[in-house]
Amino acid sequence: MKILVIEDEAALSKSIVTYLKQENYLCEVAPNFNTAIEKVDSYDYDCILLDISLPDGNGLNVLKVLKEDNKTDGVIIISAKDSIDDKIAGLQLGADDYIPKPFHLSELSARIAAVIRRRRFNGGNILVFHEITIDTIAKTVTVNNQSIDVTRKEYDLLLYFTINKNRVLSKTAIAEHLSGENADVYDNYDFIYAHIKNLKKKLAAAGCNDYLKSVYGMGYKFEY
């Protein structure tokens, strides 16, 4: 799961990212309004942590951009401003939740998980695709009730494909999902091929049908 932290307080941003990485989230940071707009225009996120008070703009305008672009990213407003007007304005613009500063990082993590469950998994934590079952809390994969030993990248890849079943996903989109903004440092997509090859091998060994198809010149599709 990929998180964008839009926060200008460097110490707070660092502590959030450190904690969420321990929870196996892939995190990116936008310390100001302009960087935030660039990122939400370029990438998709499972959840955005949005500070309202940014040095170069109002964080609520990020919500307006997401709404105008029909983005489905989950949003949690994190702000020292605890007025009812800000809270209402944010929720009306599409935010999923609001948590005032200061807050416990464990509570923030729980709220992120709740937003992702509502947005991606219809409120539950179990995703079932034919003989494949993914537990998004335990982060486990089973095929025909047999546990599959997958790496974190393989787990993220399988989850990404099943969430987007029957959609063609470009190699660029897959690279950005697995590595975030660091995807640009790779000269090619060999690391994607390696993860997909290993994942397919493990699924097949457990008796899983081959749902992951290569679409020539475009990318990959997880299909019925």
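Helices (H or I, at least four residues) and strands (E, at least two) are DSSP runs numbered from the N terminus, while axes are lines fitted to C-alpha atoms, for helices over the stretch in contact, with angles from 0 to 180 degrees between N-to-C directions. Residues are numbered from 1 along each chain as its sequence is written. In this predicted model local features need pLDDT of at least 70, side-chain atom pairs count only at pLDDT 80 or more, and totals for chains, interfaces and linings use all residues, with side-chain values using heavy atoms and leaving out hydrogens and water.

**Sheet**
- The strand order β8-β9-β10-β11 forms an open, antiparallel sheet of four strands, where pairing requires at least two DSSP bridges between two strands.
- Because β8 (126-129) and β11 (146-148) stand at the edges, each with a single partner strand, one side of each is left without a neighbour in the sheet.
- The twist from one strand to the next averages 25°.
- Strand β10 (residues 140-143) pairs with β11 in the antiparallel sense over three bridges, and Val141 stands opposite Ile148 in β11.

**Helix packing**
- Helix α6 packs against helix α8 (residues 190-205) at an angle of about 80°, with the axes 10 Å apart, which makes α6 roughly perpendicular to α8 (65 to 115 degrees).
- Residues making this contact include Leu157, Leu158 and Phe161 of α6 and Ile196, Leu199 and Leu203 of α8.

**Confidence**
- The chain averages a pLDDT (the predictor's confidence in each residue, from 0 to 100) of 87, and 94% of the residues score at least 70.

Key: Angles under 35 degrees count as roughly parallel, over 145 as roughly antiparallel, 65 to 115 as roughly perpendicular and the rest as oblique. Contact means heavy atoms within 4.5 Å.
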